[in-house]
Amino acid sequence: MEGRVGVAPTNASFQTFVTALRLQKGEDEARTWLEDFAANDPQRREKNGEILADVDAGTLDTGLVNHYYLFELAREKGVAPEELGASLHFFPDGDLGSLVNVSGMGLVASRRTATPPPSWSTFLSEDGPVVLRRGDRRYPLVEAWSSRPASRGSPRSRPHVDLNDLDDLQTTIQMIQEAGLL
């Protein structure tokens with residue numbers, strides 16, 4: 001796979017994965033993983049979408065991306081996800097490759113009278129959950145927002161990682177740099 005794997009080392013999801021690896025396996029094992037990964041000459045991209053587009057086109061064999069980018073690419077191309085040249089792979093139960101990151105948004109009560117940016121309208125309207133359910137393939141944390149499965153498979157068992165412990169990104173970024181990925 002030398003030179004045939006895509007990675008976005010500046011992406012928060014990759015950095016979060018490496019941080020979880022450091023905490024779960026230790027700094028030495030994380031450093032070894034990064035060095036071994038870098039030795040395979042991964043192709044660096046700025047964004048997950050670029051990696052997925054290259055996998056879909058056959059330029060790369062595989063890439064480390066968040067699963068929902070597959071659905072975004074399919075929507076952009078106007079095809080079903082199954083028609084793409086790329087597909088998803090989920091890691092075995094409990095593997096760190098199945099780490100689920102959390103994204104969130106909050107609105108301070110005192111700011112409710114302020115006009116939010118137009119891009120926030122689907123999140124802040126009463127219909128927001130419906131829009132999210134139909135238009136986004138991320139895994140919702142609010143049960144009422146659940147929709148059909150997000151993909152042709154999903155991690156059966158996520159790794160046991162407390163996301164609150166993933167706060168030391170500076171050490172992670174330094175390790176990624178030292179491995180030659182940044």
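**Helix packing, burial and salt bridges**

Helix 2 and helix 7 cross in a right-handed sense, a crossing being right-handed if the near helix is turned clockwise from the far one by less than a right angle, and left-handed if anticlockwise. The model is a predicted one, in which local features need pLDDT of at least 70 and side-chain atom pairs count only at pLDDT 80 or more, while totals for chains, interfaces and linings use all residues. Residues are numbered from 1 along each chain as its sequence is written, and side-chain values use heavy atoms, with hydrogens and water left out.

Helix 2 (residues 27–39) and helix 7 (residues 169–178) pack at about 40°, their axes lying 9 Å apart; helices here are DSSP runs of H or I with at least four residues, strands are E runs of at least two, and both are numbered from the N terminus. Helix 2 is therefore oblique to helix 7, the word left for angles that are not under 35 degrees (roughly parallel), over 145 (roughly antiparallel) or 65 to 115 (roughly perpendicular). The contact (heavy atoms within 4.5 Å) is made by E27, A30, R31 and L34 of helix 2 together with T171, M175, I176 and E178 of helix 7.

Two of the helix 2 contact residues, E27 and R31, also take part in salt bridges, in which a side-chain nitrogen of Lys or Arg lies within 4 Å of a carboxyl oxygen of Asp or Glu. E27 pairs with R22, with the closest N and O atoms 3.2 Å apart; E27 is partly exposed at 34% relative accessibility, whereas R22 is buried at 6% (buried is under 20% relative accessible area, exposed over 50%, partly exposed in between, with a 1.4 Å probe and protein chains only). R31 meets D28 at 3.9 Å, N to O, and because these two residues are three apart in helix 2, about one helical turn separates them. In the whole structure, six salt bridges are found.

Another of these pairs joins R45 to D54 at 2.6 Å, N to O, and D54 is buried, with a relative accessible area of 18%. Salt bridges that share partners also join R22, E27 and D168 into one network.

D54 is one of the buried residues of helix 3 (residues 48–57), which also include N48, I51, L52, V55 and D56. The cover over these buried residues includes strand 1 (5–7), helix 1 (12–25), strand 3 (62–63) and helix 4 (68–77). Just after helix 3, G58 adopts a positive phi of about 90°.

Technical notes:
Axes are lines fitted to C-alpha atoms, for helices over the stretch in contact, and angles run from 0 to 180 degrees between N-to-C directions.
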